Amino acid sequence: MALAFDEYGRPFIILKEQDQKTRLRGIDAQKANISAGKAVARILRTSLGPKGMDKILQSPDGDVTITNDGATILEQMDVDNQIAKLMVELSRSQDYEIGDGTTGVVVMAGALLEQAERLLERGIHPIRIAEGYEMASRIAVEHLEHISQKFDFGTTNIEPLVQTCMTTLSSKIVNRCKRHLAEISVKAVLSVADLERKDVNLDMIKVEGKVGGKLEDTELIYGITVDKDMSHPQMPKQIEDAKIAILTCPFEPPKPKTKHKVDIDTVEKFQTLRLQEQKYFDDMVQKCKDVGATLVICQWGFDDEANHLLMHRNLPAVRWVGGVELELIAIATGGRIVPRFQELTPEKLGRAGLVREKSFGTTKDKMLYIEHCANSRAVTIFIRGGNKMMIEETKRSIHDALCVARNLIRNNSIVYGGGSAEISCSIAVEAAADKYPGVEQYAIRAFADALDSVPMALAENSGLQPIETLSAVKSQQIKENNPHNGIDCNDVGTNDMRQQDVFETLIGKQQQILLATQVVKMILKIDDVISPSDY
């Protein structure tokens, strides 16, 4: 507080803004934190499941994204609240670790926070709630292991992998041709997988897209596509048994690195300089020819004269190819990236069975396909679609499907989807609560109720009566002792997820429960919110 005077000498008091603010502490802080977490979960709840709705996100510069991928929605949302940022991090960590289930993990965390709020109002200490949640999560994860099933697959029997990828894609905008996209995703993963080590390098799968065509035109290319064309329109559009020189040095004479002036005052001097440049360039082309190259891919550009000479020397070339694409081409063709013409040798050439240029529609869009490569462990998924937003959403959907196929190669255990795993865990956790005599049993029962929120959200988003549907499925699971009964979202006529072929990965479902529990425990332990103005 400070005393000041106006221009007429009248005194007035200046109050610091901080004096009007009150710090949130204790139960008020915990309720505010829970409220922020629930708000984020509420946004994503409607996007869960095969009938989930999409969100339209507009960036500050006007770019529009339409998606129902939880990680993408939260990534692009402008979130200020610190607790809401924790929920964003939760979704991101599920995306990094598993690649799928980013919406489900946030919905689960929101349900746990909602149940915790009720327990706090009853006077139960947040630490006891957190401990109860930890116990319940262990019970749920062990129960998932118990109800999971293993399946055998191989390069000839890919159907189980395809079915699991179809489950992932059924909740996306691309679900009308989920079978086609699931098969492409599985074949791509198996092409780059090391089945002995149970390892998959997803960097070897390139996902490209081009506007035009329909979603069904999406194809898997056993090789690499480059968004470039031949540097000269008269160069051959198709090269068979190509030997590729991959260069990071420009096809141009070196620029004189000197500040001195060169005077060319006669036609003869200019002619000599031009001939010298041409000879220098001819030597470059000849070096490529001598080692047996039939195609040159260059990271840098070259001028029209160089382009014209390359065409006359019958050496097709591609210019301005990016560094990442060059690396992929080198891996796929078994070639080496050459930084200087002097280092070019026949052993460093990449080999491809077919290199062809492909045109699209009535536009001048062209792409280069490098197929039947020496090392077939690099593939490209080439997406077609009606507009840019459709292609971007398909890329995100295929990323999820690729991650699911990779996870199944690492660990081939599955649980059944449609909320059946959550309902089964809820029954198991509820039954185990009686074994704990302390206050924690209330938290364990609350955890069981929170598990029911995922199938309830699925029923709600599918237009079913949520409480009635959940009760019916739960009683059916208990009566038949069948953990495969879930929510019939697609109105097929059966609740048995085995018959509907709805699978989810075990490690993905376990990770959802563990991550959601960890974040909720962290939020419950925060009892003071300190802003920069408080110190």
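How many residues does helix H11 have, and how far does it reach from its first C-alpha to its last? Helix H11 spans residues 388–410, has 23 residues and reaches 33 Å between those two atoms, close to the 33 Å expected at 1.5 Å a residue. The expected span is 1.5 Å times one less than the number of residues in the helix. Helices here are DSSP runs of H or I with at least four residues, strands are DSSP runs of E with at least two, and both are numbered from the N terminus.

The model is predicted, so that local features need pLDDT of at least 70 and side-chain atom pairs count only at pLDDT 80 or more, while totals for chains, interfaces and linings use all residues. Residues are numbered from 1 along each chain as its sequence is written, and side-chain values use heavy atoms, with hydrogens and water left out.

Helix H11 is mostly covered, with 17 of its 23 residues buried. A residue is called buried under 20% relative accessible area, exposed over 50%, and partly exposed in between, with a 1.4 Å probe and protein chains only. Ala-446, in helix H13 (residues 440–451), counts as buried because its relative accessible area is 4%.

Asn-375 lies in the loop between strand E17 (366–373) and strand E18 (379–385), and it counts as partly exposed because its relative accessibility is 23%. For Asp-265 and Asp-6, 259 residues apart along the chain, the C-alpha separation is 79 Å.

Side chains of opposite charge can pair when their charged atoms come close. A salt bridge is defined as a side-chain nitrogen of Lys or Arg within 4 Å of a carboxyl oxygen of Asp or Glu, and the structure holds 37 of them. Asp-265, in the loop between strand E12 and helix H8, forms one with Lys-269 at 3.1 Å, N to O. Asp-265 is classed as exposed because its relative accessible area is 58%, whereas Lys-269, at 42%, is partly exposed.

A second salt bridge joins Arg-128 to Glu-131, with the closest N and O atoms 3.9 Å apart. Both residues belong to helix H5 (residues 126–147) and stand three residues apart, about one turn of the helix. Arg-128 is partly exposed, with a relative accessible area of 33%, and Glu-131 is also partly exposed, at 36%. Salt bridges can also be linked into a network, as with Asp-69, Lys-172 and Asp-400.

Arg-197 and Asp-199 form a further salt bridge, their closest N and O atoms being 3.5 Å apart. Arg-197 is exposed, at 60% relative accessible area, while Asp-199 is partly exposed, at 26%. Lys-198 lies in the loop between strand E7 (193–194) and strand E8 (199–200). Its phi is positive, about 55°, although Lys-198 is not a glycine. Lys-198 counts as partly exposed because its relative accessibility is 46%. Trp-320, likewise not a glycine, has a positive phi near 55°; its place is the loop between strand E14 (317–318) and helix H10 (323–333).

The surface also carries patches. These consist of residues with over 30% relative accessible area and no salt bridge, like charges being joined within 9 Å and nonpolar side chains (Val, Leu, Ile, Met, Phe, Trp, Tyr) within 5 Å. Accessible areas come from the Shrake-Rupley method with a 1.4 Å probe, and for residues only the protein chains shown count as cover. Val-262, Ile-264, Phe-270 and Leu-273 form a nonpolar patch with about 390 Å² of accessible area together. Ile-264 is found in the loop between strand E12 (238–247) and helix H8, and is partly exposed at 39% relative accessibility.

Glu-277, Asp-303, Asp-304 and Glu-305 gather in a surface patch of negative charge. Asp and Glu count as negative and Lys and Arg as positive, with His and the chain ends not counted; each charge is placed at NZ of Lys, CZ of Arg, CG of Asp or CD of Glu. Glu-277 belongs to helix H8 (residues 267–290) and is partly exposed, at 38% relative accessibility.
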